[in-house]
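Dear colleague,

I am passing on the structure we talked about, together with notes on what was found in it. Please look it over alongside the text below.

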Amino acid sequence: MIRYNPTLGVTRMTSQLSTGDTAPQFNLPDAEGVPVGLDEYRGRSVVVYFYPKAETPGCTKEACDFRDNLESLQGGGYSVIGISTDSVEDLASFSANHALTFPLLSDDDGATAKAWGAWGDKEFDGKTYTGTLRTTIVVDEEGKVQLAEYNVNAEGHVADLRAKLGL
C-alpha cells in the first residue's frame with residue numbers, strides 16, 4: 001500500500017487494521033525468551049503497541065508512560081504488550097533499565113508488525129528507512145480491534161489513549 005503522509009511524503013506501508021477486524025495472531029518471545037501469544041489474552045482486552053527501538057528517547061518515553069499508567073489501564077480491564085524488532089537480550093535490558101512491568105516481545109523479522117500494519121517507510125535525519133511504525137492497537141476480549149492508531153507521537157500518547165478508553 002502506498003499512502004501520502006504530509007510529514008514524510010509518500011510512504012510504503014502494510015495494510016492497516018480497522019475497528020472490528022480480527023487481530024492477527026502472534027507467538028513471540030518475551031524478554032526472558034518465553035513465547036507469548038495473543039490467544040493467551042482471549043477473554044480480556046489488551047493494548048498492543050509497536051515501537052521502533054528500545055532505549056531511544058521516544059520509545060523510552062512511551063514505555064515509561066505505559067509503565068506509569070499501567071495501574072489505570074489494568075483497572076479499566078486492559079493488559080499492555082509492547083512489540084519491537086529488538087532482540088530478546090535488548091528487551092531484557094530495556095525492561096530492567098526502566099522497571100517495565102508488562103511484557104515486551106521480540107518481533108525480530110518484523111512479520112508481526114507487517115501483519116498488524118505497523119511497518120512502513122519513515123524519515124529520520126533526512127533519510128528514509130523502512131521499519132516499525134509507532135502504532136497502538138486495542139484488542140477486545142473477543143480478539144477484535146477496538147481501536148487502531150498509526151504513526152502516533154510518543155509524547156502524550158498514553159494520556160490520549162486513556163481518554164479515548166474512558167480511563
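A residue is called buried here when its relative accessible area is under 20%, exposed when it is over 50%, and partly exposed in between, with a 1.4 Å probe and protein chains only. This is a predicted model, in which local features need pLDDT of at least 70 and side-chain atom pairs count only at pLDDT 80 or more, while totals for chains, interfaces and linings use all residues. Residues are numbered from 1 along each chain as its sequence is written, and side-chain values use heavy atoms, with hydrogens and water left out.

I begin with the rings. Rings of Phe, Tyr and Trp (for Trp, the six-membered ring) pair if their centres lie within 6.5 Å, and planes under 30 degrees apart count as stacked, over 60 as edge-to-face and the rest as tilted. By that rule there are seven aromatic pairs in the structure. One of them is formed by Phe50 and Trp116, a tilted pair with 5.8 Å from centre to centre and 55 degrees between the planes. This pair links distant parts of the chain, 66 residues apart, since Phe50 belongs to strand S5 (residues 45–50) and Trp116 to the loop between helix H4 (111–115) and strand S8 (119–124); helices (H or I, at least four residues) and strands (E, at least two) are DSSP runs, numbered from the N terminus. Phe50 is buried at a relative accessible area of 1%, and Trp116 is buried too, at 0%.

The rings of Tyr51 and Phe94 are also tilted, because their centres are 6.0 Å apart and their planes stand at 40 degrees. Here Tyr51 lies in the loop between S5 and helix H1 (57–68), Phe94 lies in helix H3 (residues 88–97), and the two are 43 residues apart.

Helix H5 (residues 157–164) has His157, Val158 and Leu161 as its buried residues. These cover an arc of only 95 degrees around the axis, which puts them on the same side of H5, whereas the face turned away from the buried side carries the exposed residues Ala159 and Ala163.

Glu55, in the loop between S5 and H1, has a phi near 70 degrees, a positive value in a residue other than glycine, and is partly exposed at 38% relative accessibility. Asn151, in the loop between strand S11 (145–150) and H5, likewise has a positive phi, near 55 degrees, and is partly exposed at 34%.

Lastly, there is a contact across the sequence to record. Ala23, in the loop between strand S2 (9–12) and strand S3 (27–29), is buried with a relative accessible area of 3%, and its C-alpha atom is separated by 8.8 Å from that of Ile137, 114 residues apart along the chain.

Definitions and conventions:
Arc of directions from axis to C-beta.
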